[in-house]
Amino acid sequence: MERELFGQSTRKYQIPPIELMREKYAYCPETGAIMGKDGRRVGWRDADGYTTVSPMVFGRYVKIKAHRLAFALMTGRWPHLIDHIDGDRSNNKWSNLREVSQRENVMSGRGGKGRNIYRKRKKNGSLVWRIQIETLAGKWFCTDRRDFCSAGKVRVEWRARREL
C-alpha cells in the first residue's frame, strides 16, 4: 500500500516538495555544486558515479540524485529523466543537463542499449564482435568484425557520420 507523504506519491520513493529543498539547498549552475545554506558542498558520489544528496524531510532521510535536485531548483519542478550531455555522471553543471524522454535517454546511454558492441558466436562456431546501433528514427545498423579494435573503429566512424 502506498502512503502519500509529501503530496506526491510514487512506488519507489516519495518526492519532497521543492519549496522545502530550496530552504535547505542552493545550486550553482556554473560549477554544478549543491550547497547547504551554510555554503558548504553537500552530497557524496555513489557506486554508480552519481552525486547523491540525502536530506531529512519530515523525519525521514530521502536519497536524491544531485542532477535531479539541480533541475528542480532551477525550474521549480521535478524532472522525469535527466541526461548528462557529456556522459560524466558527476558533472552537474546546468549547461550539461537536459530533460529527455525515455527513448532519448536510452539512445544517449554510454555503452547501454542503442549502441552495443558484444561477442557473438556465429553458426559456423567462430566468434565475432557484433556492432549494433539504433538511430532515433528506429533504424538499425549492424555489422560483425573479427577483433574488438576494428569493431570500435566502425562504431566511432558510424557515429561521426550520423552525429548520434
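Start by selecting Gly32, which lies in the loop between strand S1 (25–28) and strand S2 (33–36), where strands (E, at least two residues) are DSSP runs numbered from the N terminus. This is a predicted model, in which local features need pLDDT of at least 70 and side-chain atom pairs count only at pLDDT 80 or more, while totals for chains, interfaces and linings use all residues. Residues are numbered from 1 along each chain as its sequence is written, and side-chain values use heavy atoms, with hydrogens and water left out.

Gly32 counts as buried at 11% relative accessibility; buried means under 20% relative accessible area, exposed over 50%, and partly exposed in between (1.4 Å probe, protein chains only). Now display Tyr27, Asn92 and Lys93, with which Gly32 is in contact once its neighbours within four places in sequence are left aside (contact means heavy atoms within 4.5 Å).

Turn next to the salt bridges, of which the structure holds four, each being a side-chain nitrogen of Lys or Arg within 4 Å of a carboxyl oxygen of Asp or Glu. Select Arg40 and Asp38, whose side chains meet in one of them at 3.0 Å, N to O; Arg40 is exposed at 58%, and Asp38 is exposed at 52%.

Then pick Lys65 and Asp46, bridged at 2.5 Å, N to O. Lys65 lies in strand S7 (residues 64–65) and Asp46 in the loop between strand S3 (44–45) and strand S4 (51–53), so the pair ties together parts 19 residues apart in sequence.

Finish at Asp83 and Arg98, whose side chains form a salt bridge at 2.7 Å, N to O; Asp83 is buried at 5%, whereas Arg98 is partly exposed at 37%.

Note on methods. Helix = DSSP H or I, 4+ residues; strand = E, 2+ residues; numbered from the N terminus.
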